[in-house]
Amino acid sequence: IMTATQHPDDADYTHEDWTKKLLAELPPSSLQSSLHIRPPASIIERIVEIIRQRLLHPDTASPLRIAVVGGAITEGAGCEEASVAIPDGSIMANPTYCAWPYRLEAFLNNLLGPNVVQVVNMAEEGTDTGFMTPLVKNWIYPASVLPDGPDIIVNAYGRFDYATYQEGDPSASLEETIKSELTSFRRAVETSHPCGHAPLVVHLD
């Protein structure tokens, strides 16, 4: 896991000690409460089959496509101000390559094999789930995941992304707003591709 976590632009592994501390503070057991995923077995089997076909036929089979939606942190805001040493000329100074969706793609491909997984970062600062719902409902994705769309959509909005939630309904609580928007988002995803398989929705708070 440490080897797969190494950033491709960090040849000397400047971030090794920092990564060890991060993994020690955020082990999988502590993340379980933040990751909400209860998919049917058939969806998991389909995802595993996509990975298997990509491994068997890397020149013809499509990669597993993951779209990530979220706010400022997911977009990569503030990455260049991280309290860890960034090597001179490092692409990690660029929020695109510093943001965790890019790191997720690199991590999975380091574990599974080159270009098995494609992660597309659709996050945008100042948005929430309600902003993204009509986009996924109307199949508005980056060209790199069209025409088939993503196999997995990670909704990575946190509570702080709903700062203006009372503008829609002043009487609604933050929890009610988040639950309502997530429900609408999931339904939009599930009904957005009537001629094919709906993407798996993962909520990562």
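Helices here are DSSP runs of H or I with at least four residues, strands are E runs of at least two, and both are numbered from the N terminus. With that in hand, L22 sits in helix α2, residues 16–25.

A word on what we're looking at. This is a predicted model, so to speak of local features pLDDT has to be at least 70, side-chain atom pairs count only at pLDDT 80 or more, and totals for chains, interfaces and linings use all residues. Residue numbers start from 1 along each chain as its sequence is written, and side-chain values use heavy atoms, with hydrogens and water left out.

**Overall layout**

The chain carries nine helices and five strands. Going along the sequence, they come in the order α-α-α-β-α-β-α-α-α-β-α-β-α-β. There are 205 residues, and 39% of them count as buried; buried means under 20% relative accessible area, exposed means over 50%, and partly exposed is in between (1.4 Å probe, protein chains only). Take contacts (heavy atoms within 4.5 Å) with a separation of 6 or more: 70% of them are between residues 24 or more positions apart. As for surface, the chain exposes about 11,800 Å², with carbon and sulfur atoms supplying 55% of that. Areas come from the Shrake-Rupley method with a 1.4 Å probe, and for residues only the protein chains shown count as cover.

**Inside**

A nonpolar core is a set of buried Ala, Val, Leu, Ile, Met, Phe, Trp, Tyr and Cys residues joined through side-chain atoms within 4.5 Å. The largest one has 18 residues, and V69, M122, V136, Y141, I153 and F185 have the most contacts inside it. Two or more residues each come from β2 (64–69), α8 (129–137) and α9 (174–190). Helix α9 gives the largest share, six residues. Y141 touches M122, V136, L146, P150 and I153, leaving aside residues up to four places away in sequence. There's also a second, separate core of 16 residues, with I50, L64, V116 and I152 among its members.

**Charged pairs**

Call it a salt bridge when a side-chain nitrogen of Lys or Arg is within 4 Å of a carboxyl oxygen of Asp or Glu. By that rule the count is four, including these:

| Pair | N to O distance | Relative accessible area |
|---|---|---|
| K20 and E16 | 3.7 Å | K20 45%, E16 31% |
| R159 and E175 | 3.0 Å | R159 42%, E175 45% |
| R186 and E190 | 3.7 Å | R186 37%, E190 47% |

K20 and E16 are both in helix α2, four residues apart, or about one turn of the helix. R186 and E190 are likewise four residues apart in helix α9, so about one helical turn separates them.

W18, L22 and L26 make a nonpolar surface patch of about 260 Å². Patches are built from residues with over 30% relative accessible area and no salt bridge, joining like charges within 9 Å and nonpolar side chains (Val, Leu, Ile, Met, Phe, Trp, Tyr) within 5 Å. L22 has 33% relative accessibility, so L22 counts as partly exposed.
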